[in-house]
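Q: Could you walk me through this model, feature by feature, and show me how to read each one?

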Amino acid sequence: MRIADFFHTYPGMYIMQSFYHALIATIITGAAIEAWKIDSPIVRQRFRLSVILLSIFSFPLYQLINPERGTLFFRLEALFDSSRWLEMELWGIVPLSLFFIAIFVVTSIIFVLQEMVPILRHFVEPTVDPQIAVIRPSEESSVGKALLEISATLPDVFIIAVEELVLFSNTRGKPAIYLSAGLANQLTPEQIQAAVAHEIAHIARSKFSVLLAGFMLRTLMFFNPVVLVEFRRAIRNEEKICDDIAVSITGKPSALAETLKKFHSLEHKEAPVEGDAPNQSPRKVGLEEYSSNLQLETRIDRLEEGKSSVQDGEWFPLFFSLGIIAVINYYVV
């Protein structure tokens, strides 16, 4: 059995067409976002998650409408026939179908290592190392005074006795917010309010389970690199949504921007040691850390430019785009 023959089976056609359908959906939704000048992160997130939905359900839905989509007759009339590409050979030796299989395998490995393993570890390991002291801030402390001025419903807030910069929320069971003593010592009262407000937004958003449902659907597309990219874009939009909610709580976007700068690793240089030159260059940053810095920079710029907004936006651009995608993808086999 040739490798290309697998893609002529129903599982193979599903994998291949879900990839192309997701790719086309990504191109069209990206163009729609630019054409309508959509800045709302909530609306942008809907576009990203719609790509995942389309890639999952388009093939079985189209087959239900027309079971003859896989026949040679339909493929001759289609806009794009993937089987023609799969029959090609690179340099006359390597089947192009093998290239696609390699992409799907690598994407699956990335999914397991970067998404599934951290999630499983999150549920297995304790939220905070039990050997590290965790205390509630007193009302007389800087953190306690800052918390008193937050208007939103406040979950439990704890201080972790470490000097590293740590800030996160726990949504399992009873929600709680944790920040390290080292971070609390570096933040002003307004910045503490902004940081806590951002985590309050994460806790509030977790109740809607939007990203949880998106992740469950994304899991079905574990092999699809386009879905991998789109889901990560949806996560980045989630951070912006929580930024906007935090600003609506505190009314101080600049305070949140300054807080985010604390986590920007490019701002920190290696501590100079004796004998080093005065103008020491910044430490080298890995690709993943560099990507995280770029995301932080985008969020910081957005807050400093006053672009934060909790407005939902209209649904027409999304439905119009989905209609175009549905028609085009029907003729992509």
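**Reading the sheet, the helices and the charged pairs**

A: Gladly, and let us begin with a pair of strands: β4 (residues 156–160) and β6 run parallel and are joined by 5 bridges. Within that pair, F158 has Y178 of β6 as its bridge partner. Keep in mind that this is a predicted model, where local features need pLDDT of at least 70, side-chain atom pairs count only at pLDDT 80 or more, and totals for chains, interfaces and linings use all residues. Residues are numbered from 1 along each chain as its sequence is written, and side-chain values use heavy atoms, with hydrogens and water left out.

Q: What makes two strands a pair, and which runs count as strands or helices?

A: Strands of a sheet pair through backbone hydrogen bonds, either parallel or antiparallel. Here two strands pair if DSSP finds at least two bridges between them. Helices (H or I, at least four residues) and strands (E, at least two) are DSSP runs, numbered from the N terminus. The protein chain has 14 helices and 6 strands.

Q: In what order do the strands of the open sheet lie?

A: The order is β3-β4-β6-β5, an open sheet of 4 strands with mixed pairing. Its edge strands are β3 (134–135) and β5, each pairing on one side only.

Q: In which sense do β5 and β6 pair?

A: Antiparallel: β5 (residues 167–170) and β6 (residues 176–180) share 4 bridges, and L167 stands opposite L179 in β6. The hairpin of β5 and β6 has 5 residues between the strands, and there G173 takes a positive phi near 65 degrees.

Q: Which helix lies across β5 and β6?

A: That is α9, which runs at about 30 degrees to β5. For such angles, axes are lines fitted to C-alpha atoms, for helices over the stretch in contact, and angles run from 0 to 180 degrees between N-to-C directions.

Q: How should I read the packing of α6 with α11?

A: Start with the axes: those of α6 (residues 96–124) and α11 (residues 225–250) come within 9 Å and cross at roughly 35 degrees. Then look at the contacts (heavy atoms within 4.5 Å). From α6, I103, F104, T107, I110, Q114 and E115 meet P225, L228, F231 and R232 in α11. These residues divide into 6 nonpolar, 2 polar and 2 charged. In that count, Ala, Val, Leu, Ile, Met, Phe, Trp, Tyr, Cys and Pro are nonpolar, Asp, Glu, Lys and Arg charged, and the others, Gly among them, polar.

Q: How many salt bridges are there by the rule used here?

A: The rule asks for a side-chain nitrogen of Lys or Arg within 4 Å of a carboxyl oxygen of Asp or Glu, and the count comes to 16. One of them joins the side chains of E238 and R205 (2.9 Å, N to O). E238 lies in α11 and R205 in α9 (residues 189–206), so the pair ties together parts that are 33 residues apart in sequence.

Q: Are E238 and R205 buried or exposed?

A: Both are buried, where buried means under 20% relative accessible area, exposed over 50%, and partly exposed in between (1.4 Å probe, protein chains only). Across the protein chain, buried residues make up 42% of the 333 residues.

Q: Which residue meets D244 in a salt bridge?

A: R302 does, at 2.8 Å, N to O. The pair links distant parts of the chain, with R302 in α13 (residues 287–304) and D244 in α11, 58 residues apart. R302 is buried, with a relative accessible area of 10%, and D244 is buried at 3%.
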